[in-house]
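Welcome! Please take a moment to look over the sequence and the model, and then we can walk through them together.

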Amino acid sequence: RCKNLSVSFWNSYWMLPSDVCGMNCFWEAAFRYYYMKPHPSEKMHLAVVACGERLEETVTMLRSAIIFSIKPLQFHIFAEDQLHKSFKDILDDFPYEGKVNYTLYPITFPTESAAEWKKLFKPCASQRLFLPLILKNVDSLLYVDTDILFLRPVDDIWSFLGKFNSTQIAAMAPEHEEPRIGWYNRFARHPYYGVTGINSGVMLMNMTRIRRKYFKNDMTPVRLQWGEILMPLLKKYKLNITWGDQDLLNIMFFHNPESLYVFPCQWNYRPDHCIYGSNCKEAEEEGIFILHGNRGVYHDDKQPTFRAVYEAIKNYSFGDDLVHSLLQPLELELRKTMHTYCGRVYKVFIKQLTKSIRDLIARRSKG
């Protein structure tokens, strides 16, 4: 078993000579197990960036994370200054029961280029690119957009950290499952990951590895670290990118594909997965795990199926019976959306939610 261990992993982190690695096979195995498997007692770190009118949406996302998760949660909330008091007033009233802590941060960009980063795509959106540099003491982090809803415990996506191989530093889902409706493969004017690109609305990061890695790129033969590569990428591609920081991540992982772990579409289920017909097979089989209501679908009448889930979680009161106060009313609302393409597959919206509620009730009954 010792012979099958990869000494390159040990070397890359500790820079020890190979003969020492051969003498310390046991310690290499212990190191790999400790750092590549999530620890039962550790906090799960979740980050979000909120600007403008995203207060309610962000709070609803945080509520969904709290409802089902098992291990303690640490929220890192990056928000405009005028939103801080509102966040504090709301979050301080949540019945955490010792389960959740949060920290509020201002929106910050590198001083010399702050104006360029602020105007990229949407206000504050590119803040996520700088999280590994700001949260220097955080080993791993789950970043999500404000329009995310968790339909199963955060613990389950957090567990993907234990599935990373020695070269993978982050995990995301494909932008599309069906190339015929894909944006990147039809319109992109820059490199992108894989066949249809990746979506950065749900991004799991081993930030220790991100900070240590030297990235291949198309700007210089010299590999650059995370903090060194961002501004040169922006300068080179700023006239060719449409989706801002997500495009920059696609470019980065195009050149470093071995660094990305790709998880299935039900971990980042968006309207594109059903508005042209159902094209996320994993969700059809197991249900939606994480719902991503991009394009503002939680707040208009274009996709009532997405809006129904959002309203149900927003209006749920902590401590109420989940079956009678959340699941049953939601299913009644979803049935009203069957005139839409997404409504025709409404059962994928409650399949996993039903299981999550059942599992939560079982955990509570066991004390």
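What you see is a predicted model, and its average pLDDT is 87, with 87% of the residues scoring at least 70. One stretch needs some care: across residues 1-41 the pLDDT is below 50, although this stretch has 44 contacts in the model beyond near neighbours in sequence. Where pLDDT is low, predicted coordinates should not be read in detail.

Let's turn to the interior. In soluble globular proteins, nonpolar side chains tend to be buried together. Here the largest nonpolar core holds 43 residues, and those with the most contacts inside it are Trp-117, Leu-131, Leu-141, Met-205, Leu-230, Leu-248 and Phe-253. Several elements give two or more residues to this core, among them strand E1 (44-50), helix H6 (114-118), strand E4 (140-144), strand E7 (198-206) and helix H12 (245-255). The largest share, 7 residues, is supplied by H11, the helix that spans 226-237.

Leaving aside residues up to four places away in sequence, Leu-248 touches Trp-117, Leu-120, Leu-129, Leu-233, Leu-234 and Ile-241. There is also a second, separate core of 39 residues, which includes Met-44, Met-61, Phe-150 and Leu-161.

Now follow strand E7. Because 9 of its 9 residues are buried, E7 is largely enclosed by the rest of the structure. What does E7 pair with? One partner is E4, in the antiparallel sense over 5 bridges, and there Val-144 stands opposite Val-202 in E7. Another is E6, also antiparallel, over 4 bridges; in that pairing Ala-173 stands opposite Asn-199 in E7.

Loops deserve a look too. Around it, not counting residues up to four places away in sequence, Gln-127 touches Val-49, Phe-78, Pro-106, Ile-107, Thr-108, Phe-109 and Ile-134.

Our last stop is Arg-295, which sits in the loop between strand E11 (290-292) and helix H14 (304-315). Most residues other than glycine have a negative phi. Arg-295 is not a glycine, yet its phi is positive, near 65°.

Terms used. Residues are numbered from 1 along each chain as its sequence is written. This is a predicted model: local features need pLDDT of at least 70, side-chain atom pairs count only at pLDDT 80 or more; totals for chains, interfaces and linings use all residues. Side-chain values use heavy atoms; hydrogens and water are left out. A nonpolar core is a set of buried Ala, Val, Leu, Ile, Met, Phe, Trp, Tyr and Cys residues joined through side-chain atoms within 4.5 Å. Buried means under 20% relative accessible area, exposed over 50%, partly exposed in between (1.4 Å probe, protein chains only). Contact means heavy atoms within 4.5 Å. Two strands pair if DSSP finds at least two bridges between them. pLDDT is the predictor's confidence in each residue, from 0 to 100.
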